[in-house]
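Student: Before I look at the model, could you take me through how its features are read, one at a time?
Tutor: Gladly; here it is.
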Amino acid sequence: MRRVYLDNNSTTSIDPRVAEAMMPYVKDLYGNPSNLHSFGRECAEGLAQAREQVAGFLNADVEELFFTGSGTESDNWAVKGTAYAHKDKGNHIICSPVEHGAVLESVRYLETQGFKVTWLKVDEYGRVDPEELRMAITDKTVLVTVMLANNEIGTIEPVEEIAAICRERGVCSHTDAVAAAGKLEVDVQSLGVDLLTISGHKLHAPKGIGALYVRQGTVIHPFVHGGHQERGLRAGTENVIGAVGLGRACELLKSEWREDAARVKKLRDRLEKGILDRIPEVRLNGHPELRAPNVSHFSVGYVEGEALLLNLDLEGVAVASGSACSAGEDGVSATLEAIRVPPLFRNSPVRFSFGTGNADEDVDYTLGVFEKVVARLRDISPIWKTRKNN
Ligand SMILES: *Cc1c(COP(=O)(O)O)cnc(C)c1O
């Protein structure tokens, strides 16, 4: 059976060229980069090169780039590290309601620690309004965190405008760029943010490596204590293998992302159009244009999300039903809650997320399978029948 992987926003395959770059560090170069002997030095060099590659991709300085254990850790550190570092100034945080759980839960945690939070509203596409943000900033505001592209529905947030407002008011701005890196321009200078998160396994590097960009002059508390690594801000012997992989992936993306994104967008658009043309009662979520080029998120009326996912999987097609990492008590994700998806479409999210490994045949196969599976599930749905008889 053919297998089609359309869940690249959950994780990606490791690019063979990334694996190749990591191999010497897997096999031979095992030193601790903190050690002064040759074994340590050769690993320190690999780490330094990786930092240059990641910094180069983000248009940052190497001193502004910190390796972490994941996108989740980078988000936690950015949020808690800046909130605590600015406690003398105030205790107010501004956050969007469509953030990844790593940001949402960090902010909610701070709420239990005496911080006050303003949750911005979003429009039907999941976009925040910079003017609402401007009005929400007070003398006590210490951090604004709004992601660059939403991982579920792909909507792109006006981060440049947000960062400009924050700068004007002397407030720290963080953006989670995990779902954007490799699909959209991620340039810390043009974005103007003070902190930015990326994650290795979302861009064809391995799992367990992330990075946080911290603009020169931004005050942040350390998050992991216990050593001098990462300029004393993130202790723990460095994940050299992972960092080298992330570095190589970023180096490749720097020259390839535009072409990759354009190619993937063509595939995405064809799948999207095919579904909208062939299947009635589906709703496309996310912004029609201001959207990551690799994501297509649908709500399918009269079917149940999990059944859809499992039936697609039986046919070899891997997608996300969108509820894995961020479902609330009623099983609906915070993002779908925030964009107020109508009841009929609330329980059947399906996210297709493309990656560089996908090809034209994947689209054709998936279209065929999707049409068949939706028809089959609707056939056994009592409400679909009553709807047709009406
Ligand atoms: C996957 C993801 C994360 C978490 O990154 P991990 O490296 O898996 O911890 C954070 N934010 C967004 C938007 C993501 O898609």
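Predicted model: local features only at pLDDT ≥ 70, side-chain atom pairs only at ≥ 80, totals over all residues.

Student: Which domains does the assignment give for the protein chain?
Tutor: The assignment gives domain 1, made of 4–11 + 257–389, and domain 2, which covers 16–253.

Student: How far apart do the C-alpha centres of domain 1 and domain 2 lie, and how many residues does the contact take from each domain?
Tutor: The two C-alpha centres are 29 Å apart, and the contact takes 31 residues from domain 1 and 28 residues from domain 2.

Student: How should I describe a pair of packed helices?
Tutor: Two packed helices are described by the angle between their axes together with the distance between those axes. In this model, helix α2 (residues 38–58) and helix α8 (residues 240–278) have axes that come within 8 Å and cross at roughly 35°, and the crossing of α2 past α8 is left-handed.

Student: Which residues in α2 and α8 meet?
Tutor: On the α2 side they include Cys-43, Leu-47, Ala-50, Val-54 and Phe-57, and among those they meet in α8 are Val-244, Leu-246, Arg-248, Glu-251 and Trp-257. By class, the residues of this contact divide into twelve nonpolar, four polar and three charged.

Student: How many cavities of 30 Å³ or more are there, and what volume does the largest cavity have?
Tutor: The count comes to three cavities of 30 Å³ or more, and the largest cavity has a volume of about 140 Å³. It is lined by 16 residues, of which Gly-182, Lys-183, His-204, Gly-355 and Thr-356 are the closest to its centre.

Terms used:
Residues numbered from 1 in each chain as written. Heavy atoms only, no water. 1 Å grid on protein atoms, 1.4 Å probe; cavity = no way out; pocket = protein on both sides within 12 Å on 5 of 7 lines; lining within 4 Å. Points joined across faces, edges and corners; volume = space filled by probe spheres on them. Axes fitted to C-alpha atoms, helices over the stretch in contact; angles between N-to-C directions. Helix = DSSP H or I, 4+ residues; strand = E, 2+ residues; numbered from the N terminus. Left-handed = near helix turned anticlockwise from the far one by under 90°. Contact = heavy atoms within 4.5 Å. Nonpolar A, V, L, I, M, F, W, Y, C, P; charged D, E, K, R; others polar. Domains from an automatic or database assignment.
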